[in-house]
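Good morning, and thank you for coming.

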Amino acid sequence: MNALTFNRHSVWAIYKFEMARALRTITQSIITPVMTTSLYFVVFGAAIGSRMTQVDGVPYGSFIVPGLIMLSLFTQSIFNGSFGIYFPKFVGTIYELLSAPISYLEIVVAYVGAAATKSIILGLLILTTASLFVPIRILHPEWMIAFLVLTSMTFSLFGFILGIWAQGFEQLQMIPMLIVTPLTFLGGSFYSISMLPPTWRTIALFNPVVYLISGFRWSFYGTSDVGVEISLAATLGFFIVCLLVVGWIFKTGYRLKS
Amino acid sequence: MPPIVSIKNVTKTYASGLQALKPINLDIRKGEIFALLGPNGAGKTTLINIICGIVTPSSGEIFADGHEIQRDYRPARAKIGLVPQELTTDRFETVWATTTFSRGLFGRAPDKAYVERILRDLSLWDRRKDQLQTLSGGMKRRVMIAKALSHEPTILFLDEPTAGVDVELRRDMWALVRRLRDNGVTIILTTHYIDEAEEMADRIGVINKGELILVEDKATLIKKLGKKQLTLVLQEPMTEIPPELGDWHLMLKAGGHELEYTFDANAERTGVPSLLRRITDIGVGFKDLNTTQSSLEDIFVSLVTERTGATA
């Protein structure tokens, strides 16, 4: 085995291990997020939605579906990506990973791949659940899948960086709770930014999450707050930035090696 | 035969400025049990962690079975198994799952029969479905060994393998280490239990304050540095050593009931026959005598103390 070969056994071992952990904690990893999203549908879709007119020609209950899926994708991808690498650091089993004949790229592929897989499954489950509450149509299914996969991978990678950076459970929770969730709520999960006053609309365009939700919603209903090309470029841009940061972490051994 | 591990001018200085290792040069022979002795903080674990890829050296090169551990890390690391000092386990995993995970992580295809053999060898087979959190400290230590052996390494590092384990398990571990060596595995262990090194090692290295101060065959070391003591149990107690016995630098022990003479067992003239003749000549009676040889522990303590004194 030389440096250029792909160590599939190592990657598969980590991937399988992470997926097994998700199955073992199915209540936390799958049931809770699906249930929480269902409650959003009950509150926003049934209770408030029945009093609202359509948004961009789409019934309000259906309009919020892509935003709610994105909300879960962001939070769960970050959680899965960060916990996967933080837990070995916390319990000390990271020594095994650092001493294994596995490249940095393979480590990232394994952990981020597992975290993204869990998020994609969760996103599809939420979509299925939503279809029980409101009518849903997907105009561009291939783009819907592309945004789902790319967003899951990007935020899992972001979570992976957080997991390496964090030195305690508080730090692990801090970024998702204090930054990502507020940006998601303010990024058009429950409304179109065209509904905002002009000043707030301009400010909202500085929120990167707007572009992600807008592109994903476009794949469902063909309407968006910003152009789909810009949405795609923003998602890809964030993904590349995360990749560069991970590359730097492994090159320097930041918070991994002495 | 080329060494299976070759360490060349390896140093480590941490970001804090602490120099953990001064230039270390060491060759480990294939198939031997090498014990690295040293007090706490001497640099034993740092050296092991560097070889295994967990810590980055500040300078120097290390070859494992001919592969440089940084440039050619894949084949180098595939040869190495590590049992760390701390009992670091994922408490929710089962014995079987964690062992098969380690095998896969180190790039080996699944082999249920091999994993079963390891678990049986380590008396873990009956506990294979149990979560690690339900195991005792000793059993967890066995799991750590099973994980380290799961990918069939030819070089095994045991960092303080018997720290905190009971006497029975310690004996079991020693037997296991010997069996591994008999199967062709090279063992490098760190310990501060001198009897462990004395019992098992073929060669011994002593490290102190980041400096490898000695590497020697165990038997040669004991022979070379070993001091012997002759103790004479007197018929009548003495209050002071007679001036006629001044040449032998004797010590009065046991409240004047014993005379102790320390000598170099390897010297051409030990001074024992002349001492016994002299004692008889001056009429000092003794009812018994015995000799004892320095243990490895005495040698180790004297080496470390000497060095500490020299650098103070």
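In this predicted model, strand β3 (residues 33-37) of chain B is joined by five bridges to strand β8 (residues 186-191) of chain B, and the two run parallel. Within β8(B), L189(B) stands opposite A35(B). Strands here are DSSP runs of E with at least two residues, helices are runs of H or I with at least four, and both are numbered from the N terminus. Two strands count as paired if DSSP finds at least two bridges between them.

Let us turn to the sheet. Six strands of chain B make up an open sheet of mixed pairing, in the order β6-β7-β8-β3-β9-β10. At its edges are β6 (80-83) and β10 (211-217) of chain B, each pairing on one side only. From one strand to the next the twist averages 15°, where axes are lines fitted to C-alpha atoms, for helices over the stretch in contact, and angles run from 0 to 180 degrees between N-to-C directions.

Which helices lie across these strands? Helix α1 (residues 44-52) of chain B lies across β3, β6, β7 (155-159), β8 and β9 (203-208) of chain B, at about 150° to β7(B). Helix α5 (residues 137-149) of chain B lies across β6 and β7 of chain B, at about 170° to β6(B). Contact means heavy atoms within 4.5 Å.

As for conventions, residues are numbered from 1 along each chain as its sequence is written, and chains are lettered from A in the order in which they are written. Local features need pLDDT of at least 70, side-chain atom pairs count only at pLDDT 80 or more, totals for chains, interfaces and linings use all residues, and side-chain values use heavy atoms, leaving out hydrogens and water.
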